[in-house]
Amino acid sequence: KRGQEYQDLKMALATRIWEQACRLYPQIKDRVEYFNMATPITTKCNIGAPCGEIYGLDHNMARFQPDMLVQLRPETPVPNLYLTGQDASTCGVTGALYGGLFSACAVLNRNVFSDAINLQKMLAKNK
């Protein structure tokens, strides 16, 4: 719908990102089964968002106020129901990653951040 020039540019960017990931993690190179890239234009088209918004809570200043930040937690009033992803933390991929870690902490009742740091130290020591 957006023309070959757009598709070529999008895939050129995606290829550069993939190549960099393969340089950092060579073991993934031959493991790809499907490859694609999305942009805000893709999101706008696929979910009918007129401004290319992403899913989840609004990305506005109110979301980052202290009283709102303390409400964004994995725990819910429903027993054994936990939230995860960017809406349990902050926006985007990094927020989703941290949201997953926060959720794991809540479900496991332990600090998985410390576990990850300790694992990294152990692996570096055994190198």
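What radius of gyration does the protein have, and what would a compact globule of 127 residues have?

1. Start with the overall dimensions, bearing in mind that this is a predicted model. The protein comes out at 19 Å, whereas a compact globule of 127 residues would sit near 14 Å. Along the principal axes, the C-alpha atoms take up a box of roughly 50 × 45 × 25 Å.

2. On secondary structure, you'll find five helices and zero strands, so the order from the N terminus reads α-α-α-α-α.

3. The protein exposes about 10200 Å², with carbon and sulfur atoms supplying 60% of that. As for contacts with a separation of 6 or more, 34% come from residues 24 or more positions apart.

4. Charges next: there are 14 positive and 11 negative ones, and their mean positions lie 7 Å apart. The salt bridge count is three.

5. Have a look at D87 and R63, whose side chains form a salt bridge at 3.6 Å, N to O. This pair links distant parts of the chain, 24 residues apart: D87 is in the loop between α3 (66–69) and α4 (92–108), and R63 in the loop between α2 (40–47) and α3. R63 counts as buried because its relative accessibility is 3%, while D87, at 25%, counts as partly exposed.

6. Another salt bridge joins R73 and E75 at 3.7 Å, N to O. R73 is partly exposed at 45% relative accessibility, and E75 is partly exposed at 40%.

7. Finally, D115 and R110 meet in a salt bridge at 2.7 Å, N to O. D115 has 28% relative accessibility and counts as partly exposed; R110, at 47%, also counts as partly exposed.

Note on methods:
Residues are numbered from 1 along each chain as its sequence is written. This is a predicted model: local features need pLDDT of at least 70, side-chain atom pairs count only at pLDDT 80 or more; totals for chains, interfaces and linings use all residues. Side-chain values use heavy atoms; hydrogens and water are left out. Helices (H or I, at least four residues) and strands (E, at least two) are DSSP runs, numbered from the N terminus. The radius of gyration is taken over C-alpha atoms; the globule rule is 2.2 Å times the number of residues to the power 0.38. Contact means heavy atoms within 4.5 Å. Accessible areas come from the Shrake-Rupley method with a 1.4 Å probe; for residues, only the protein chains shown count as cover. Lys and Arg count as positive and Asp and Glu as negative; His and the chain ends are not counted. The place of a charge is taken as NZ of Lys, CZ of Arg, CG of Asp or CD of Glu. A salt bridge is a side-chain nitrogen of Lys or Arg within 4 Å of a carboxyl oxygen of Asp or Glu. Buried means under 20% relative accessible area, exposed over 50%, partly exposed in between (1.4 Å probe, protein chains only).
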